[in-house]
Amino acid sequence: MWQSIDPWRDISTPSKHSSISARRVDPEHPFNFFWGRDVRGRPLLALEVSSSVEENGNVPKIRGFEVLCTLDKDAGKLKLIISLRERENIELFHRFCMDLMDAVRSLADEAAAFNIVLRRVWRWQQFLRQGDSKKLTLAAQKGLVGELTFLESILLTNPDSRNAVECWQGPNGEPKDFVLGDTAFEIKTRNAGGRPLIEITSGYQLDNGSLTNLYLYVVELEIASVDINGSFSLDELVKRIRDTLTSTSINEVEIFDFKLTQVGYFPDDDYSDNRWVLTGTEAFIVETSFPRIAHSDAPNGVSDIRYKLDLSACHNYKTDPSQLIGILRGDKS
């Protein structure tokens, strides 16, 4: 049965080493996808876009596949080429290719489509590695709940916010969790009812650097049972945010899903056994006199700064968390 739908069956192997044999997948698809074969006869999928589309050269390594970006300046074309190394995985490869094409079928912008396809390739890499991965620890879940709470309750409720998910920089390994131009937000969680302590794990987290504005946003959480009013799981929080994003931008959904995989969250993992209840939030303006140990203030030779911050010493820097929405609109008063 597979042979009847094999799109590579009638494509010949090219004789020239640097070329591929290819044919357009679907004339009605808005973008130029091609089924093809390389000189070694390997099945491939190619996406061809204008060379004006920006490409950072960072492509994933996927076991059994080869992923390449090639730029032909003379032809003015940028190509993403994905080849199958082992024939026995061809049915999986076909599903993979169809998923990439379906992800951008409703789009019109070439640059957005290219970036979505590339991010989806990264997600497939994470999916195919899941057999070696472990679920997030309880502490990691709590930290992720804190960041997603800020995303949902502050960024996504601001009607003037643009590309809210792209501002989420924590999954990229950046020192601040959210960065919007010259304004950044560091998100921390703490146990409700306990001592008002949060852990600062880097001297960069509360270091203003070149920022004009830096805010500390603290999320108070309690572990809860399913019968507690307002309790939710990490999976439920992710779904709420995805539903919100789906109603506005497929591009934002793709970015969101990709960043979740970067922090180790996969939709097939089940986090329903851990539930949370949000008991409060606090926000602080991090100014020059704010109690902290910043990287820029550390003596030469001092690194790997970690400490606990007592929020009771930060009372003079508190601001209403709801005011952050106004700040994001440019209301800095």
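Predicted model: local features only at pLDDT ≥ 70, side-chain atom pairs only at ≥ 80, totals over all residues.
Hi everyone, let me start where two helices touch: V238, I241, R242, L245 and T246 in α4 meet E252, V253, F256, D257 and L260 in α5, where contact means heavy atoms within 4.5 Å. Helices here are DSSP runs of H or I with at least four residues, strands are E runs of at least two, and both are numbered from the N terminus.

Residues are numbered from 1 along each chain as its sequence is written, and side-chain values use heavy atoms, with hydrogens and water left out.

Back to our pair. The axes of α4 and α5 are 8 Å apart, and the packing angle is about 155 degrees. Axes are lines fitted to C-alpha atoms, for helices over the stretch in contact, with angles from 0 to 180 degrees between N-to-C directions. That makes α4 roughly antiparallel to α5, a label used for angles over 145 degrees.

Now, which residues have the most contacts inside the largest nonpolar core? They are L148, F150, L234, F256 and L324, in a core of 36 residues. At least two core residues come from each of several elements, including α3 (138–153), α4 (234–246), α5 (250–262) and β9 (213–224). By nonpolar core I mean buried Ala, Val, Leu, Ile, Met, Phe, Trp, Tyr and Cys residues joined through side-chain atoms within 4.5 Å. Buried is under 20% relative accessible area, exposed is over 50%, and partly exposed is in between, using a 1.4 Å probe and protein chains only. Take L234: leaving aside neighbours within four places in sequence, its contacts include L136, L144, L148, Y271 and W276. There is also a second, separate core of 34 residues, with W8, L45, L47 and L107 among them.

On to the strands. In β7, 7 of the 9 residues are buried. With β9, strand β7 pairs in the parallel sense over 9 bridges; pairing requires at least two DSSP bridges between the strands. With β6 (residues 178–180), β7 pairs in the antiparallel sense over 3 bridges, and V179 has A184 as its bridge partner. These two strands form a hairpin with 2 residues between them, and G181 in the turn has a positive phi of about 65 degrees.

Last topic, salt bridges, meaning a side-chain nitrogen of Lys or Arg within 4 Å of a carboxyl oxygen of Asp or Glu. The count is 17. D257 pairs with R123, with the closest N and O atoms 3.6 Å apart. D257 lies in α5 and R123 in helix α2 (residues 110–128), so the pair ties together parts that are 134 residues apart in sequence. D257 is buried at 9% relative accessibility, whereas R123 is partly exposed at 21%.

For a local example, D243 and K239 meet at 2.8 Å, N to O. They are 4 residues apart in α4, so about one helical turn separates them. D243 is partly exposed at 43%, and K239 is exposed at 51%. Finally, shared partners join D99, R120, R123, R242, E254 and D257 into one salt-bridge network.

Terms used. Parallel < 35°, antiparallel > 145°, perpendicular 65-115°, else oblique.
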